[in-house]
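Please keep the structure open while reading.

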Amino acid sequence: MLTFEEIKKNVEVQTYLKYADYAFSSMGHKEHGSSHALYSATVACQVLKDLGYDERKQELAKIAAYVHDIGSLIGKEGHAQSSAVMFLNIINEDRYDDDVFAIVSAIGCHEDKAFAPVSEIAAALVIGDKTDTRYERARTKDPFYLDKHGKVLLACKKVDIVVKKEKMKIELHLKIDTMICSVMDYFEIFMARTNYCKKASDVLKCNFELYINEDKFL
Ligand SMILES: [Fe+2]
Ligand SMILES: [Fe+2]
């Protein structure tokens, strides 16, 4: 049975993440390597755990979220699909089963922001991925050298996901340093991602709430 530890240790996965991050670094984009993979995987798994989903589903979400951007190695455009195909290629055909295909379809839809994620696994992946606005992902800590996207990241000093099962709520709490960027800048850059988190939360039968510096915006 496919496990997260197996995928995390897989040399091809490690290589893809390393070179995907090199490619994004050369374009001046934020970190897209093993740190983003691990953050997304941890959050995806935790969200399903907190909502009471079974351990296998948590594990599948964790795997899908870990590898969701490996296709960025090939290019940003269409990377959700290339990530899905590259994941399929590292699994021997004799291991293909419902779990593998559930992972593949979750990876493949993770940038389809106009639609609801295809499954609970995909929804958890989206929440892990699209909430990763940690300042550590900015390539430099000097705002002078960053574009607006980079500055917004640099300003996000704290990112917390709080799941309240009894109220069926998924809350995103951000601490933004408004000396670096305004709250409006955050919305300008991350509105589409925020809406996608809302769609993903709907799939999990939850409301999505956004708090910035303790003020509720959504
Ligand atoms: Fe992506
Ligand atoms: Fe991502």
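Two residues are taken to be in contact if their C-beta atoms, placed from the backbone, lie within 7 Å. The model discussed here is a predicted one.

## Helix α7 and its surroundings

With that contact criterion, the buried residues of α7 pack against α3 (34-50), α4 (55-67), α6, β1, β2 and α9. The helix is mostly covered, as 11 of its 11 residues are buried. Among the buried residues of α7 are Glu120, Asp129 and Lys130, and the buried set also includes Ile121, Leu125, Val126 and Ile127.

How do α6 and α7 cross? Their axes come within 8 Å and cross at roughly 45 degrees, and the two helices are therefore oblique to each other. The crossing of α6 and α7 is right-handed, and the contact is made by Ala102, Ser105 and Ala106 on the side of α6, and by Ile121, Ala122 and Leu125 on the side of α7.

## The loop between α6 and α7

Ala116 is placed in the loop that runs between α6 (98-108) and α7 (120-130). Ala116 counts as partly exposed because it has 16 C-beta neighbours inside 10 Å, a count that falls between the limit of 12 or fewer for exposed residues and that of 20 or more for buried ones.

Which residues does Ala116 contact, once its neighbours within four places in sequence are left aside? They are Lys199, Asp202 and Val203. The C-alpha atoms of Ala116 and Cys197 are separated by 9.4 Å, although these two residues are 81 residues apart along the chain.

## The β1 and β2 hairpin

Strand β1 (residues 156-164) pairs with β2 in the antiparallel sense, over 8 bridges. One position in this pairing is Val163, whose bridge partner in β2 is Ile170. The hairpin of β1 and β2 has 4 residues between the strands, and in this hairpin Met168 takes a positive phi near 50 degrees.

Leu174 is found in strand β2 (residues 169-176). Is Leu174 buried or exposed? With 21 C-beta neighbours inside 10 Å, Leu174 counts as buried, because the limit for that class is 20 or more. Not counting residues up to four places away in sequence, Leu174 touches Thr133, Cys156, Lys158, Val159, Tyr211 and Ile212. For Cys156, which is 18 residues from Leu174 along the chain, the separation of the two C-alpha atoms is 6.6 Å.

## Positive phi angles in two loops

Most residues other than glycine have a negative phi. Against that background, Lys205 has a phi near 60 degrees, a positive value in a residue other than glycine. Lys205 lies in the loop between α9 (183-203) and β3 (207-212), and it counts as exposed because it has 10 C-beta neighbours inside 10 Å.

Glu214 also has a positive phi, near 75 degrees, and is likewise a residue other than glycine. This residue lies in the loop between β3 and β4 (215-216), and Glu214 is exposed, with 8 other C-beta atoms within 10 Å.

Glu5 is found in helix α1 (residues 4-9), where it counts as exposed, with 10 C-beta neighbours inside 10 Å. The C-alpha atoms of Glu5 and Asp147, which are 142 residues apart along the chain, are separated by 36 Å.

## The fold as a whole

The protein contains 9 helices and 4 strands, and their order along the sequence follows the pattern α-α-α-α-α-α-α-α-β-β-α-β-β. The radius of gyration is 17 Å, close to the 17 Å that the globule rule gives for 218 residues, so the protein is as compact as a globular protein of that length. Along its principal axes, the C-alpha trace spans about 55 × 45 × 30 Å.

Of the 218 residues of the protein, 42% count as buried. When contacts between residues at least 6 apart in sequence are considered, 62% of them join residues at least 24 apart.

Technical notes: Residues are numbered from 1 along each chain as its sequence is written. Chains are lettered from A and ligands numbered from 1 in the order in which they are written. This is a predicted model: local features need pLDDT of at least 70, side-chain atom pairs count only at pLDDT 80 or more; totals for chains, interfaces and linings use all residues. Two strands pair if DSSP finds at least two bridges between them. The radius of gyration is taken over C-alpha atoms; the globule rule is 2.2 Å times the number of residues to the power 0.38. Axes are lines fitted to C-alpha atoms, for helices over the stretch in contact, and angles run from 0 to 180 degrees between N-to-C directions. Angles under 35 degrees count as roughly parallel, over 145 as roughly antiparallel, 65 to 115 as roughly perpendicular and the rest as oblique. A crossing is left-handed if the near helix is turned anticlockwise from the far one by less than a right angle, and right-handed if clockwise.
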